[in-house]
Amino acid sequence: MDSSALRPLIFALAPCAAMLSGCVAPSQRYPSLLPRAVEKQPAAAPALADPPATVIPADPALDAQLATIESALAASAQSFTPAEQRATAAARQAQGSATGSETWLTAQSAMASLDSLRSQSLTALSDLERLAIDRGATGQPGYPALIAARARAEAQLTTQQAAIDVLQAQITAF
């Protein structure tokens with residue numbers, strides 16, 4: 001027989017030989033893929049005990065600092081409301097005025113005083129954050145009065161900034 005005649009027969013039988021090799025039983029014993037007994041048991045997480053409540057002792061020195069900062073924050077808030085009313089009136093008067101006109105300059109001046117009052121709130125917030133960072137650096141837990149004061153300062157600053165943004169948009173729109 002000619003080798004060229006055997007070539008198609010070899011190519012036809014090669015895939016059959018490859019498929020039949022998969023049917024041969026393995027000579028080694030492989031582990032079962034079925035779940036083991038321990039895997040059939042329900043997985044219940046161990047109950048974790050609540051951490052003991054941390055009692056944070058009073059800190060009179062910190063309380064005194066907080067009182068000072070909060071009084072500055074309150075003064076800023078108290079001064080901001082009438083200044084915002086003045087700035088709103090100045091912005092209304094500046095409607096339709098040219099940039100650089102007297103009414104436009106008055107509105108810009110009122111906005112500057114609002115921004116100054118907002119900066120007082122920002123200073124108070126940064127003082128509160130400094131106190132919180134100092135406590136954290138020494139490994140002390142959060143002080144509830146400090147956390148509450150910081151939240152109030154952030155809320156006040158956000159409110160003041162929103163008012164300034166609205167008025168500034170009104171002034172620049174004209």
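Predicted model: local features only at pLDDT ≥ 70, side-chain atom pairs only at ≥ 80, totals over all residues.

Me: Does Gly-96 count as buried or exposed?

Reply: Residues are numbered from 1 along each chain as its sequence is written, and side-chain values use heavy atoms, with hydrogens and water left out. Buried means under 20% relative accessible area, exposed over 50% and partly exposed in between, with a 1.4 Å probe and protein chains only. Because its relative accessibility is 69%, Gly-96 counts as exposed.

Me: Where does Gly-96 lie, and how far apart in space are Gly-96 and Ile-171?

Reply: Gly-96 lies in the loop between H3 and H4; helices here are DSSP runs of H or I with at least four residues, and strands are runs of E with at least two, numbered from the N terminus. Ile-171 is one of the buried residues of H5. In sequence, Gly-96 and Ile-171 are 75 residues apart; in space, C-alpha to C-alpha, the separation is 9.4 Å.

Me: Is Ser-76 buried or exposed, and which residues does Ser-76 touch?

Reply: Ser-76 is found in helix H3. Its relative accessibility is 0%, so Ser-76 counts as buried. Contact means heavy atoms within 4.5 Å. Leaving aside residues up to four places away in sequence, Ser-76 touches Leu-117, Gln-120, Ser-121, Gln-156 and Gln-160.

Me: Which helices do the buried residues of H4 pack against?

Reply: The buried residues of H4 include Leu-117, Arg-118 and Ser-121. Those buried residues of H4 pack against H3 and H5.

Me: How are H4 and H5 oriented to each other?

Reply: Axes are lines fitted to C-alpha atoms, for helices over the stretch in contact, and angles run from 0 to 180 degrees between N-to-C directions. The axes of H4 and H5 come within 9 Å and cross at roughly 160°. Angles under 35 degrees count as roughly parallel, over 145 as roughly antiparallel, 65 to 115 as roughly perpendicular and the rest as oblique. H4 and H5 are therefore roughly antiparallel.
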